[in-house]
Amino acid sequence: MNAVTAEPSVKVIKRLVVDEHNDIFDAADMTYVSYPSLLSDVRAYAYEIVRHAPEAFREEGLLEQQISEIIKNGVKHGNHCDPAKNVHIWYSFHKRAKIIVEDEGEGFTAIEEWNDYFRKRQEALFSEDFDTFLALAAYRGAKSDANDGGNSLIAALEYWNGGIIYSARKNKVGVVRWYTNGSVYV
Amino acid sequence: MTFTQRPDGAAVTIAITGELDLYCAEEVREKLKAIIEEGTRRIVLDLSQLTYLDSSGLGAFIVALQRIRAVGGAMEISGLCNAPKKVFELSNATRLFVIRSGTNGAQVS
């Protein structure tokens with residue numbers, strides 16, 4: 001049985017990008033908060049931030065879920081859940097959702113490995129190679145554990161349609177989502 | 001989050017309700033693993049009452065699909081809607097699983 005049936009409408013393979021000087025890191029007029037690296041509180045952190053977003057941006061919890069994922073990555077993979085280390089977050093919901101999350105860790109050094117993994121995964125998807133696509137459905141890096149879904153960055157590349165950019169140290173990520181489908185501007 | 005399983009012929013239908021997130025994904029992953037190890041070869045996940053799904057929860061479904069496919073079985077999704085459906089779509093997971101509309105997923109041929 002092969003579940004891959006429909007042709008994808010656009011066959012574009014996106015990448016995680018490192019660009020220290022990208023405008024996405026301009027935090028002027030953004031609100032800053034900082035939280036200790038408590039995995040148990042990650043969703044509460046995201047919920048608190050999303051409280052400031054227009055209702056039209058929240059998409060039935062999807063915005064909270066996507067913000068929660070990037071905070072979780074900082075807390076877990078960046079700061080290794082060390083409560084003495086903080087995650088630093090800037091957010092703005094003027095006309096679009098823009099979030100910057102910086103942790104105090106060594107950075108996401110496996111970005112190119114991840115990009116290579118994602119390229120192979122998407123090539124399998126586009127060529128309808130179901131067995132390979134299933135095998136590559138979730139990313140498993142050297143630092144992954146059983147509780148990592150292995151798909152948060154895959155969804156993030158689609159959800160953050162205004163970009164997902166890492167700093168040179170790779171311990172800071174900026175993301176933007178525009179809401180143009182329904183002419184939703186606030 | 002609630003996890004309710006119901007034998008239905010050769011299949012097992014599992015209804016997962018509420019919020020499936022990083023705090024309870026391990027429980028779901030282990031329960032699905034046990035069901036497969038007990039010999040179940042067809043699982044239907046009823047997600048019609050699932051209100052929140054994150055990457056850990058979706059990861060639990062993907063691991064279960066990999067496990068059951070490895071032993072020649074199948075896993076299907078029914079009732080997928082709202083934000084959890086968007087999470088599936090963003091990750092291309094709609095192309096991994098057989099997705100059925102409605103919640104009568106146990107009627108699998």
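**Ground rules.** I am working with a predicted model, where local features need pLDDT of at least 70 and side-chain atom pairs count only at pLDDT 80 or more, while totals for chains, interfaces and linings use all residues. Residues are numbered from 1 along each chain as its sequence is written, chains are lettered from A and ligands numbered from 1 in the order in which they are written, and side-chain values use heavy atoms, with hydrogens and water left out.

**Interface.** I started with the contact (heavy atoms within 4.5 Å), which takes 40 residues from chain A and 30 residues from chain B. I noted a buried area of about 2900 Å² between the two chains, 55% of it from carbon and sulfur atoms; this is the accessible area (1.4 Å probe) that two parts lose on being put together, summed over both.

I then looked up polar contacts, meaning N or O atoms within 3.5 Å; within protein, one must be able to donate a hydrogen and the other to accept it, and residues adjacent in sequence count only if both atoms are side-chain atoms. The rule finds 17 such residue pairs across the interface of chain A and chain B, both residues at pLDDT 80 or more. On the side of chain A that touches chain B, α1 (42-50), α3 (62-78), α4 (111-126), α5 (130-135) and α6 (152-159) each supply at least two residues. Helices here are DSSP runs (H or I, at least four residues), numbered from the N terminus.

**Salt bridges.** My cut-off is a side-chain nitrogen of Lys or Arg within 4 Å of a carboxyl oxygen of Asp or Glu. R43(A) pairs with D21(B), the closest N and O atoms being 2.7 Å apart. R43(A) also pairs with E64(A), at 3.1 Å between the closest N and O atoms. R43(A) lies in α1 of chain A and E64(A) in α3, so this pair ties together parts 21 residues apart in sequence. I also traced a network of salt bridges linking R43(A), E64(A), E19(B) and D21(B).

Are R43(A) and E64(A) buried or exposed? I call residues buried under 20% relative accessible area, exposed over 50% and partly exposed in between (1.4 Å probe, protein chains only). R43(A) is buried, at 11%, and E64(A) is buried at 11%. E64(A) touches R43(A), A46(A), Y47(A), V50(A) and Y52(B), leaving out residues up to four places away in sequence.

Next I checked D148(A) and K76(A), whose closest N and O atoms are 2.9 Å apart in a salt bridge. D148(A) sits in the loop between α5 and α6 of chain A and K76(A) in α3, so the pair ties together parts 72 residues apart in sequence. Both D148(A) and K76(A) are buried.

**Cores.** A nonpolar core is a set of buried Ala, Val, Leu, Ile, Met, Phe, Trp, Tyr and Cys residues joined through side-chain atoms within 4.5 Å. The largest has 80 residues, and L63(A), I71(A) and F61(B) have the most contacts inside it. Another core, of 7 residues, lies apart from it, with I24(A), F25(A), I165(A) and V176(A) among them.

**Last look.** I found α6(A) mostly covered, with 7 of its 8 residues buried.
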